[in-house]
Amino acid sequence: MPLNYTLSLIKPWAFSQDLTGPILHVVNQNGFHIRAMKLIHLSKEQAGEFYEVHRGKPFYDDLIDFMSSGPIVAMILEKENAVVEYRKLMGATDPVEACVGTIRRMFAESKSHNAVHGSDSDENAIRESNFFFNVLERY
Ligand code: CDP
Ligand code: MG
């Protein structure tokens, strides 16, 4: 059975533009329940560890600089088949390609400033949730 939770981040640009409230409204409207949430400003080292899988790619250094440039909102979201459902709600990486009604289409500024992160597999949802939250921080 697929996992019923996923890990999402509201990225620094979206947070700085006060898009947190509007994004959370869409998240809740689409049936996701918040099970954990915090504001955190990642160090470069922490951002590098989180995006370890992209190390060596051409966008990696910029991604790490960007993701450590200011506070983010980290959250665990619960819904049936959460990883797949949240990827659908989030939309394509590049907002130009994201469907109408998706978070990235509505709130992203560009491919790098694309408002939100969402885990891409159940395995990564577990790893990424454990990266940000201990058991006492989950409800
Ligand atoms: O976030 P998503 O899973 O859709 O995309 P990814 O391929 O896992 O890439 C992680 C993040 O790196 C993206 O969300 C973008 O912020 C950034 N990225 C970028 O700036 N330029 C690219 N060509 C690809 C990704
Ligand atoms: Mg990804």
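User: Is Y51 buried or exposed?

Analyst: Y51 counts as buried because its relative accessibility is 6%; buried means under 20% relative accessible area, exposed over 50%, partly exposed in between (1.4 Å probe, protein chains only). This is a predicted model, where local features need pLDDT of at least 70, side-chain atom pairs count only at pLDDT 80 or more, and totals for chains, interfaces and linings use all residues. Residues are numbered from 1 along each chain as written, chains are lettered from A and ligands numbered from 1 in written order, and side-chain values use heavy atoms, without hydrogens and water.

User: And F50?

Analyst: F50 is buried too, at 2% relative accessibility.

User: How many aromatic pairs are there?

Analyst: Six, counting Phe, Tyr and Trp rings (six-membered ring for Trp) with centres within 6.5 Å; planes under 30 degrees apart are stacked, over 60 edge-to-face, the rest tilted. The F50 and Y51 rings have centres 5.0 Å apart and planes at 90 degrees, so that pair is edge-to-face.

User: Which residues do ring pairs link into a cluster?

Analyst: F50, Y51, F131, F132 and F133.

User: Switching topic: which residues are around ligand 1?

Analyst: With a heavy atom within 4 Å of the ligand, you get K11, H54, F59, L63, R87, T93, R104, K111, S112 and N114.

User: What polar contacts does R87 make there?

Analyst: A polar side-chain atom of R87 sits 2.9 Å from an oxygen atom of ligand 1, where a polar contact is a pair of N or O atoms within 3.5 Å. S112 uses a backbone N or O atom, 3.3 Å from a ligand 1 oxygen.

Note on methods. A polar contact is a pair of N or O atoms within 3.5 Å; within protein, one must be able to donate a hydrogen and the other to accept it, and residues adjacent in sequence count only if both atoms are side-chain atoms.
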